[in-house]
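Please look over the sequence and the structure before reading on.

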Amino acid sequence: MTLLITAFAAVIATIAWYTVKADRKLGTLALMYWGASLMWLVDSVVEYIEAGAEFFTPAAADMINDAYLGLSVVALGLIIWVVVLIVKDPDGKVRAALSRR
């Protein structure tokens, strides 16, 4: 589940990166999700090598835990992306808001 969730997030972020012309640092978000997807792919391959055919029959509790972990990784990626966006401030809106005070 973690691999599927992060792979879907990576595909969505990549599509947004290609279609949105504004500089919103979407490439950073896409790279974070592709890195997470690669990490979960390696983890799945190693787990398959260790467990064999049992890898394809997970318990329901394990699937729920994996889904929660995948959603947590996607949320953490979004939080990091928002912090990067605020720090880089591509449109100068944060700087303008701070200079008004």
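At what angle do helix 2 and helix 3 pack, and how far apart are their axes? The angle is about 150°, and the axes are 10 Å apart. The model is a predicted one.

## Helix 2 and helix 3

An angle over 145 degrees counts as roughly antiparallel, so helix 2 and helix 3 are roughly antiparallel to each other. The crossing in which helix 2 passes helix 3 is right-handed.

On the side of helix 2, the residues that meet helix 3 are Leu-26, Leu-29, Met-32, Tyr-33, Ala-36 and Trp-40. Their partners in helix 3 are Leu-69, Val-73, Val-74, Gly-77, Leu-78, Ile-80 and Trp-81. Sorted by type, the residues of this contact are 12 nonpolar, 1 polar and no charged.

## Helix 2 itself

Helix 2 covers residues 26-51, which makes 26 residues. From its first C-alpha to its last it reaches 37 Å, close to the 38 Å expected at 1.5 Å a residue. After helix 2 comes Gly-52, which has a positive phi near 75°.

Which residues of helix 2 are buried? They are Leu-26, Gly-27, Leu-29, Ala-30, Tyr-33, Ala-36, Ser-37, Trp-40 and Ser-44. These buried residues pack against two other helices, helix 1 (2-19) and helix 3 (60-88). As a general point, an α-helix has 3.6 residues a turn, so residues three or four places apart point the same way.

## Helix 1 and helix 2

The axes of helix 1 and helix 2 come within 8 Å and cross at roughly 155°. That angle makes helix 1 roughly antiparallel to helix 2. Helix 1 passes helix 2 in a crossing that is left-handed.

From helix 1, the contact takes in Thr-2, Leu-3, Thr-6, Ala-7, Ala-9, Ala-10, Val-11, Ala-13, Thr-14, Ala-16 and Trp-17. Facing them in helix 2 are Leu-26, Gly-27, Leu-29, Ala-30, Tyr-33, Trp-34, Ala-36, Ser-37, Trp-40, Leu-41 and Ser-44. The residues of this contact comprise 16 nonpolar, 6 polar and no charged.

Thr-14 lies in helix 1. Is Thr-14 buried or exposed? Its relative accessible area is 17%, and buried means under 20%, so Thr-14 is buried. Apart from neighbours within four places in sequence, Thr-14 is in contact with Ala-30 and Trp-34.

Lys-25 sits in the loop between helix 1 and helix 2. The phi of Lys-25 is near 60°, a positive value in a residue other than glycine. With 25% relative accessibility, Lys-25 counts as partly exposed.

## Helix 1 and helix 3

Helix 1 and helix 3 pack with their axes 8 Å apart, at an angle of about 30°. Helix 1 is therefore roughly parallel to helix 3, as angles under 35 degrees are counted that way. Their crossing is right-handed.

Which residues of helix 1 meet helix 3? They are Thr-2, Ile-5, Thr-6 and Ala-9. In helix 3 the partners are Asp-66, Ala-67, Leu-69, Gly-70, Leu-71, Val-73 and Val-74. By type, the residues of this contact divide into 7 nonpolar, 3 polar and 1 charged.

Trp-81 has its place in helix 3. Trp-81 has a relative accessible area of 16%, and so it is buried. Leaving out residues up to four places away in sequence, Trp-81 touches Arg-24, Lys-25, Leu-26, Leu-29 and Met-32. Trp-81 and Leu-31 are 50 residues apart in sequence, and their C-alpha atoms are 11 Å apart in space.

Leu-71 is also found in helix 3. Is Leu-71 buried or exposed? Leu-71 has a relative accessible area of 53%, and exposed means over 50%, so Leu-71 is exposed. In sequence Leu-71 and Met-1 are 70 residues apart, while in space they are 9.4 Å apart, C-alpha to C-alpha.

Methods. Residues numbered from 1 in each chain as written. Predicted model: local features only at pLDDT ≥ 70, side-chain atom pairs only at ≥ 80, totals over all residues. Heavy atoms only, no water. Helix = DSSP H or I, 4+ residues; strand = E, 2+ residues; numbered from the N terminus. Expected span 1.5 Å × (residues − 1). Buried < 20%, exposed > 50% of the residue type's maximum accessible area, 1.4 Å probe, protein only. Contact = heavy atoms within 4.5 Å. Axes fitted to C-alpha atoms, helices over the stretch in contact; angles between N-to-C directions. Parallel < 35°, antiparallel > 145°, perpendicular 65-115°, else oblique. Left-handed = near helix turned anticlockwise from the far one by under 90°. Nonpolar A, V, L, I, M, F, W, Y, C, P; charged D, E, K, R; others polar.
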